[in-house]
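Hi,

Here's the structure I promised to pass along.

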Amino acid sequence: MQAIWAKGTQLQRKNPVTLLFQTIPGVRDIDGPNDLTDWVDTTHHSSPGDYEEGIPTIQRSGQVTFPLVYDPSEPLHQSLVADKQAKAKRGFKHVLTDAGATELIYDGFVLGIGWQQPVANVLGFNTTIKPSGQLTIVY
């Protein structure tokens, strides 16, 4: 096993006109998507050994969150804000830094833009994307 430095990971948004993925500039730490499976408890009075039983059900993608160094003149930053306001579903892709450039691909909605104007730091916003549908991993 080899540890891989995450710096250089690209978060990309699919341009709805050209259908090409474009790297969003200024992205800082990326958290998510969080691939989880719901669990339904099926434990009953005669479950062996009094242990819980259950079955996996719905796959959940969680959310993707990241702070961004904000440039009001940057077209992709403007697009994220417009996507949120329009409630537009867009394609997103994470390109990881491993030798094979593993990709996480999904469609999603921008649910949150948290504006930041700190005295001792740069303009920014915290972004929340909610994937909708299946996550695809390309190795």
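I'd start with Gln 12: leaving out residues up to four places away in sequence, it touches Phe 21, Gln 22, Thr 23, Ile 24, Gly 91, Phe 92, Lys 93 and Val 95. Keep in mind that this is a predicted model.

Gln 12 sits in strand E1, residues 10–14. Is its place buried or exposed? With a relative accessible area of 9%, Gln 12 counts as buried, because the cut-off for that is under 20%. Its side chain has polar partners, too: there's a polar contact of 2.8 Å with the side chain of Gln 10, and another, at 3.0 Å, with the side chain of Thr 23.

Next, the strand pairing. E1 runs antiparallel to E6, with four bridges between them, and Arg 13 has Phe 92 of E6 as its bridge partner. E6 also pairs with E7, again antiparallel, over seven bridges; there, Gly 91 is opposite Asp 107 in E7. Strand E6 covers residues 89–95, and five of its seven residues are buried, so the rest of the structure largely encloses it.

Then there's the largest nonpolar core, which has 14 residues; Leu 80, Phe 125 and Ile 129 touch the most other members. At least two residues of this core come from each of strand E5 (64–69), helix H1 (75–86), strand E7 (103–116) and strand E8 (124–131). Setting aside neighbours within four places in sequence, Leu 80 contacts Arg 13, Ile 24, Leu 68, Phe 92, Val 110, Ile 113 and Phe 125.

Cheers

Terms used. Residues are numbered from 1 along each chain as its sequence is written. This is a predicted model: local features need pLDDT of at least 70, side-chain atom pairs count only at pLDDT 80 or more; totals for chains, interfaces and linings use all residues. Side-chain values use heavy atoms; hydrogens and water are left out. A nonpolar core is a set of buried Ala, Val, Leu, Ile, Met, Phe, Trp, Tyr and Cys residues joined through side-chain atoms within 4.5 Å. Buried means under 20% relative accessible area, exposed over 50%, partly exposed in between (1.4 Å probe, protein chains only). Contact means heavy atoms within 4.5 Å. A polar contact is a pair of N or O atoms within 3.5 Å; within protein, one must be able to donate a hydrogen and the other to accept it, and residues adjacent in sequence count only if both atoms are side-chain atoms. Two strands pair if DSSP finds at least two bridges between them.
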